[in-house]
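Please keep the viewer open as you read.

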Amino acid sequence: MTRIEAPFLHDPALRRVLAALSDAGHQALVVGGAVRNALLGEPIADVDIATSALPDDTRRLTEAAGLRAVPTGAEHGTITVVADSKGFEVTTFRRDVETDGRHAVVAFSDRIEEDALRRDFTMNALYADASGQVLDPVGGLPDLVARRLRFVGDARARIVEDYLRILRFFRFHARYGAKGAADPAALAACAVLAPGLDGISKERIGAEMRKLLSAPDPVEAVAMMADAGVLARILPGSRPDALPALIAAEVQAGASPDWQTRLALLAPTNPVHDLRLSREEARAQEHLATALTLPLPEAAYRLGARTARRAALIRTAQGAAFRPDWQERIDRAAAARLPLAARDLMPELSGPALGEALREAEIAFVASDFTLPRDALLRIALDRSGEMKG
């Protein structure tokens, strides 16, 4: 018998929700990521609950226990129950009746086995009761111990239910899979069914890729995506060969995993369109593309330290070598301010001449590694202005 020992099991809010259902004779179990991560000793974010109670019963019983029930997805079996200001998604056991590769028509069930069979991966089909006892209807525990990502049942059938599961396979492998432990049947199914991703929205694809590229080391997962023809389908023109060198550069620099940097290395052509990035995310990619065309200190001065660091890591992965103090130089350049303003050149200069003189002074300031003082820059600006007039 396998049990989990995790602090969340002792959370009074969670216990109130579970008790409201189990005291009425229903199964009420923690399911999915919380159980998986507790067994792996990984951080736990959300705690989801699966129950044999129908949605109306979930709502009635939890409200009778003094909790707030919000029908956030009642048609799909989900009621969000709020206890002590914490929200828990409580979903009735379900089985799929019909799927179209994106959405499913479900029927409610009172059997945990049917609920487990509709889940994506065996390691995500683990349940635990209030005491921490683990229930494993589809044999997910051995896969979890081996860190082997395997679809529940037939891989092709699970993918056809929702083609986004192809990307979820690689994303979960990047986060939880052991190197060299990918399930061959799952990989083969992903390769054969990759064209189904064409029917998935770019927003959903982008959300999965953000998470995948945020994994500590996504190198093997991305390489498998490339071999399966998946990477080229969602990021045309992508080049994954330098990704191992980028991960190594990140580790050496003490940098945290950053999906924006990794994406810019993988797909320098048009990730904004391919993944439907937000305006802010697109701007970060554009700034990074510009930074890659500039000397490192100038990139930091014009675009900020964060963008310059991202560019430095990419260029290191591409074979560039920087001085040992490159991070300190970036910080110094990002903090530098041109010690000359337009008013310092007026009224001698105005209009286009004023703007050109300031630009010349700034070029000299950057070239001096941000050391030229105001008086020297003033002379440069005025001398350049005089040359233009002459």
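Arg 111 has a relative accessible area of 41%, so it counts as partly exposed. Bear in mind that this is a predicted model. The salt-bridge partner of Arg 111 here is Glu 113, with 3.9 Å between the closest N and O atoms. Glu 113 is itself partly exposed, at 37% relative accessibility. If you widen the view, Arg 111 and Glu 113 belong to a salt-bridge network that also takes in Arg 95 and Glu 114.

How many salt bridges does a search of the whole structure find? The count is 32, and three of them are set out here.

| Glu 42 | Arg 175 | 3.1 Å |

Glu 42 and Arg 175 form a salt bridge at 3.1 Å. Glu 42 sits in the loop between α2 and β2, while Arg 175 belongs to helix α7 (residues 165-176), so this pair ties together parts 133 residues apart in sequence. Arg 175 is partly exposed, with 32% relative accessibility.

Because Asp 369 is in the loop between α19 (351-367) and α20 (374-389) and Arg 329 is in helix α18 (residues 326-335), the pair links parts that lie 40 residues apart in sequence. Asp 369 is partly exposed too, its relative accessible area being 24%.

Now turn to the sheet. Seven strands make an open sheet with mixed pairing, in the order β3-β4-β5-β2-β1-β8-β9. Which strands stand at the edges? They are β3 (68-73) and β9 (134-135); each has a single partner strand, so one side of each lacks a neighbour in the sheet. At the β9 end, two bridges connect β9 with the antiparallel strand β8 (residues 127-128), and Ala 128 faces Val 134 of β9.

Helix α1 (residues 12-22) touches β1, β2, β4 (78-83) and β5, and its direction makes about 30° with that of β5. Helix α2 (residues 33-40) touches β1, β8 and β9, and its direction makes about 60° with that of β1.

Further along the order, β1 (residues 28-31) and β2 (residues 48-51) run antiparallel and are joined by four bridges, with Ala 28 opposite Thr 51. On the parallel side, β2 pairs with β5 (residues 86-92) over three bridges, and Ala 50 has Thr 91 of β5 as its bridge partner.

Definitions and conventions
Residues numbered from 1 in each chain as written. Predicted model: local features only at pLDDT ≥ 70, side-chain atom pairs only at ≥ 80, totals over all residues. Heavy atoms only, no water. Pairing = 2+ DSSP bridges. Contact = heavy atoms within 4.5 Å. Axes fitted to C-alpha atoms, helices over the stretch in contact; angles between N-to-C directions. Salt bridge = Lys/Arg side-chain N within 4 Å of Asp/Glu carboxyl O. Buried < 20%, exposed > 50% of the residue type's maximum accessible area, 1.4 Å probe, protein only.
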